[in-house]
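Welcome, and thanks for taking a look at this structure.

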Amino acid sequence: MTSWVLVMPIAVPFLAAVAAFLWRANPAGRMISLGGSVLTLMASIALMVAVLDEGVIAAQMSNWDAPFGITLVADYLSAVMVVITAITGLATAIYAMGEIPEATERLGFHALFQTLIAGVTGAFLTGDLFNLYVWFEVMLIASFSLLVIGGGKERLDAGIKYVALNLVSTLIFLSGIGLLYGITGTLNLADMREGVANAENQGLVTVIAMMFMVGFGVKAAVFPLFFWLPASYHTPYFAISAVFAGLLTKVGVYALMRMFTLVFVGDVGFTHEILIWVSLLTMFTGVIGAAAQTDFRKILSFHIISQIGYMTLGLALFTPLALMGGVFYLVHHIIVKANLFFVAGLAKQYAGHTDLDRIGGLYKSAPLLAALFIIPAFSLAGFPPLSGFWAKYLIVKAALEIDAWFVAFVSLLVGLLTIYSMTKIWGLAFWKPHPDGIDPTPDRAPPQVTRAMLTPIAGLAAMTIIIGFFPEPFVQFAETAATQLLDPTAYVDAVLGGTP
Amino acid sequence: MNSVIFTAAARLLVALMFVFSLFMLLRGHHLPGGGFIGGLIGAVSFIVYSLACGPAEARKALRISPEVIAMLGLGIALLAGMFSFIVGYPLFTGQWLWVGGDSYETAAFSLNTVLVFDIGVYLVVLGGILSLTYAFEEET
């Protein structure tokens, strides 16, 4: 029965997508989507409980033994990513009830959204490389549709850039899979680990590793492959850009973490050294790019890039502490980033725009929103005692531990510049009076809209605070996850059944 | 397309192709064929019909909108895969009920979840392809 614990977090959103599509012209569709998100969260918590109970769990689909069938496998990292995906999904489903207009719902918004969640969850759970590609495709199709849904020139423009660059990355990824399959004769990740280690031509393996780094790098939006992200994330509905900002790039980071701890560990000195420089440049260019923007969402988009650098840095340093920081950062970042986009959406409802030069006065008229903005914003910048502080602390400490002074310096500098951007938003959107002289009162949005949009913001802010004040269990969890990543014996044994 | 010959021939071809697509669907799993190829052939039959009589007429002949067909197919395929939950096997494990024997060689025919899954795939492909082509045809 273990196998069904792994299947349910994927199957539930798929079924919800089918049902939500069939009732898309009906208010029931909204409720189906919401109910589906609740059930998905329950299923993923059941998965988490099973993983905490038994360690790494794996299941062979269709009862075909690994490495021939498709394996679903969950270690600590996968399990926590699935849970956080479900939480973000639920928050977005609630938020969407306030934001998404009925006409968009009738086009099948909820079905696409649930499909996206299923795709993300599938990518976190699969133990098969080609299956990972399939989940990337599911995500790409669903996210492209969500990006352009609702119409408009801007959205189509963003959508074309998004889909074109992601297709290129998928092609590189697919070629890499083909080459790797040619070398090892398997697609199962656990089996591939051994096949790659025993490969005669290690030079070719490193070349393939670089192809994967580029392929996943585009998805994760690292330097210099990130330009599609700020070109597209500021156009769709806020609910959609929040779920994109929270989850999509993180799937790329997850895939990097998985491949470069499980499969490509033959030449760590070379591959991970490149990754260090890529991470540092990502962090720095992201935060500098943000400083030049004046649009609420564009600033946040550039900050995604900058933060991605910290996560890949955790992987690149490749010590237990650094990976632990990377895992912790992933979880913290998803909550905080999605929340900031939610706040941006509500600020637009109140003040009428997302361009910071054209809004203001929110602190006076909506103090609750201001307070709820402060929490994720300062967490993002790494203020103690919020969750971002611990995440940055772990990464910087890991860098200092191996005497990587420059890395630690850049991490701290980027943190400082992040504060600059956050205070810029604070100053322009919240403190400064509204340039049109109007009072951006909450009455400008209908009360049920405000309620639906404020609930997930408050919920995620509460989670940020909880992680910040009680980091102990989360840090311990991240530590175990990092241990499992660095020594994947348990993972391999769970997938291949312990047979040599 | 205003060709009497084509319109007249289409009537014959469409029915023939559609029956053939069902034949391919049922033939699948043990012999070459299956839901995907069957769905493609089925979609082609409706495309020929829409070329002969126009997309509006073809939509009417289909009765249900192609998007709904595709989503229903997805649901059917998934539920067929989840059937193995009842008997305690992992997702998508095929469940077989042999009639008049106990294996492929001896049985007269079988009832199985694999066919249900294939029907789901058939509907996904049919609905997916048709919603794309109809959208293109109606635009021009």
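What you see is a predicted model, and its scores are ipTM 0.87 and pTM 0.93.

**Confidence, chain by chain**

- Chain A has a mean pLDDT of 89, with 98% of its residues at 70 or more.
- For chain B the mean pLDDT is 87, and 99% of its residues reach 70 or more.
- Within chain B, confidence is highest in helix 2 of chain B, with a mean of 92, and lowest in strand 2 (residues 109–112) of chain B, with a mean of 79.

- Chain B contains five helices and two strands, and along the sequence they come in the pattern α-α-α-α-β-β-α.
- The C-alpha trace of chain B spans about 55 × 30 × 20 Å along its principal axes.
- Where the chains touch, 13 residues of chain B are in contact with 15 residues of chain A.
- On the chain B side of that contact there are ten nonpolar residues, three polar ones and no charged ones.

**Two helices side by side in chain B**

- Helix 2 (residues 35–53) of chain B and helix 5 (residues 113–139) of chain B have axes that come within 8 Å and cross at roughly 30 degrees.
- Angles under 35 degrees count as roughly parallel, so helix 2 of chain B is roughly parallel to helix 5 of chain B.
- The crossing of helix 2 of chain B and helix 5 of chain B is right-handed.
- Helix 2 of chain B contributes residues including B:Gly35, B:Gly38, B:Gly39, B:Gly42 and B:Phe46 to the contact, and helix 5 of chain B contributes residues including B:Tyr122, B:Val125, B:Ile129 and B:Glu137.
- By class, this contact has 14 nonpolar, six polar and two charged residues.

**A helix pair in chain A**

- Helix 6 (residues 129–148) of chain A packs against helix 11 (residues 238–262) of chain A at an angle of about 160 degrees, with the axes 12 Å apart.
- Angles over 145 degrees count as roughly antiparallel, so helix 6 of chain A is roughly antiparallel to helix 11 of chain A.
- The crossing of helix 6 of chain A and helix 11 of chain A is left-handed.
- From helix 6 of chain A, A:Leu132, A:Met139, A:Ser143 and A:Leu146 meet A:Ile240, A:Phe244, A:Leu248, A:Val251 and A:Ala255 of helix 11 of chain A.
- This contact has eight nonpolar residues, one polar residue and no charged residues.

**Backbone details in chain A**

- The 28 residues of helix 2 (residues 27–54) of chain A should span 40 Å at 1.5 Å a residue, and this agrees with the 41 Å between its end C-alpha atoms.
- Just after helix 2 of chain A, A:Gly55 has a positive phi of about 80 degrees.
- A:Ser62 also takes a positive phi, about 60 degrees, although it is not a glycine; A:Ser62 lies in the loop between strand 1 (57–60) and strand 2 (71–74) of chain A.
- A cis peptide bond with omega of about -5 degrees joins A:Phe223 and A:Pro224, and A:Pro224 is in the loop between helix 9 (202–220) and helix 10 (228–232) of chain A.
- Another cis bond runs from A:Pro384 to A:Pro385, with omega near 5 degrees; A:Pro385 sits in the loop between helix 16 (367–381) and helix 17 (387–401) of chain A.

Definitions and conventions:
Residues numbered from 1 in each chain as written. Chains lettered and ligands numbered in written order. Predicted model: local features only at pLDDT ≥ 70, side-chain atom pairs only at ≥ 80, totals over all residues. Axes fitted to C-alpha atoms, helices over the stretch in contact; angles between N-to-C directions. Helix = DSSP H or I, 4+ residues; strand = E, 2+ residues; numbered from the N terminus. Parallel < 35°, antiparallel > 145°, perpendicular 65-115°, else oblique. Left-handed = near helix turned anticlockwise from the far one by under 90°. Contact = placed C-beta atoms within 7 Å. Nonpolar A, V, L, I, M, F, W, Y, C, P; charged D, E, K, R; others polar. Expected span 1.5 Å × (residues − 1). pLDDT = per-residue confidence, 0-100.
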